[in-house]
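Subject: Structure handover

Hi,

Here is the structure I promised to pass on. Have a look at it first, and my notes follow below.

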Amino acid sequence: MVAMPIDGCLRRLSRALEDDELNVFYQPQVDSSGLLQGLEALVRWHHPEDGLLVPDQFLPCAESSDVISEIGDWVLRTACAQLGPWQSAGYRPLRLGVNLASRHLSQPDLVSQVEQALAAGGLSAGWLDLELPETLTRRAIEKIFGSLHELAALGVGLSIDDFGTGQLSLSDIRRIPLDNLKVDRSLVCNVAGDPNSAALAGATIAMAHETGLNVVAEGVENADQHAILLGNDCDGMQGYLFGRPAPAYEIEDLLSGEKYLSGEPDRSLVQAAGV
């Protein structure tokens with residue numbers, strides 16, 4: 001995508017919402033046995049000139065204005081509207097992860113947006129996980145503290161995304177009613193080749209467990225990483241080893257397989273890991 005001034009980028013993104021150029025892809029998340037347990041909703045932009053764009057190519061521009069909140073709300077509503085029919089069709093019940101930007105989290109009607117999206121999709125709150133950016137500051141947490149507790153009271157799961165890339169420590173996040181800690185790919189990529197990286201990942205998992213949090217490792221790409229994370233009692237994983245982000249029709253093909261309806265782990269997802 002050719003760089004453009006912020007104002008022009010924001011206008012183009014607003015038009016993309018109006019013209020239905022955005023789409024939601026879903027990336028599988030598996031538990032320690034290899035069983036599909038959830039999907040993370042990830043936005044894509046079908047740009048008419050530049051083709052399919054991933055979030056890093058356009059969301060930084062949106063984060064400077066309320067356009068990021070509009071996109072976040074659209075992804076939330078679209079993903080909930082997709083998961084509801086999948087569950088009604090009898091596919092394996094899955095948790096849905098949706099990323100929310102700091103600016104979106106501070107919206108005064110955030111709880112209402114979440115309630116409306118759940119109701120429209122026919123989902124109970126327990127199937128939704130909102131993923132909070134690890135770049136949240138302590139000051140930002142203070143501003144959204146009330147909303148986070150309201151969401152937790154509804155039954156919505158809360159996760160810290162990309163842990164290890166920002167300034168928040170485990171002591172900082174103890175104040176948030178979290179359920180999950182998602183370890184950033186930067187802490188995962190070298191666990192198989194660097195003992196220090198493996199030790200750091202293991203310590204992070206252990207400390208998170210001590211605070212009652214489940215741990216999901218992001219960016220798992222090979223069997224060696226998978227084995228080391230399993231050895232450190234990591235609760236869940238996602239990454240190219242288990243599946244790339246895919247459009248809804250491909251995920252539906254995956255869900256319709258008897259391996260999911262039977263409740264057995266999908267061996268194809270973890271075949272390289274030898275599970």
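Let me start with two helices: α5 and α6 run roughly parallel to each other, since an angle under 35 degrees counts as roughly parallel. Before going on, note that this is a predicted model, where local features need pLDDT of at least 70 and side-chain atom pairs count only at pLDDT 80 or more, while totals for chains, interfaces and linings use all residues. Residues are numbered from 1 along each chain as its sequence is written, and side-chain values use heavy atoms, with hydrogens and water left out.

Back to the helices (DSSP runs of H or I, at least four residues, numbered from the N terminus, as are strands, E, at least two). Helix α6 covers residues 138-154, and its axis lies 9 Å from that of α5 at an angle of about 25°. Axes here are lines fitted to C-alpha atoms, for helices over the stretch in contact, and angles run from 0 to 180 degrees between N-to-C directions. On the α5 side, Leu110, Val111, Val114 and Glu115 touch Ser147, Glu150, Leu151 and Leu154 of α6 (contact means heavy atoms within 4.5 Å).

α5 (residues 110-121) also packs on α3 (residues 67-88), with axes that come within 7 Å and cross at roughly 25°. That angle makes this pair roughly parallel as well. Here α3 brings Asp73, Leu76, Arg77, Cys80, Ala81 and Gly84, against Gln113, Val114, Ala117, Leu118 and Gly121 of α5.

Now the open spaces. On a 1 Å grid over the protein atoms alone, a pocket is an open set of points with protein on both sides within 12 Å along at least five of seven lines, and a cavity is a set where a 1.4 Å probe fits but cannot get out; lining residues have an atom within 4 Å of a point. Points are joined across faces, edges and corners, and a volume is the space filled by probe spheres set on them.

The largest pocket holds about 1,100 Å³. It is lined by 39 residues, with Leu42, Pro55, Asp56, Asn99 and Asp161 closest to its centre. Strand β2 gives the largest share of that lining, five residues.

The second largest pocket has about 260 Å³. Of its 18 lining residues, Gln29, Gln37, Arg95, Asp129 and Asn180 lie nearest the centre. β2 gives the most here too, with four residues.

Finally, the largest cavity has a volume of about 30 Å³, and Val183, Val188, Ala201, Ile205, Ala217 and Leu229 line it.

Cheers

How values were computed
Angles under 35 degrees count as roughly parallel, over 145 as roughly antiparallel, 65 to 115 as roughly perpendicular and the rest as oblique.
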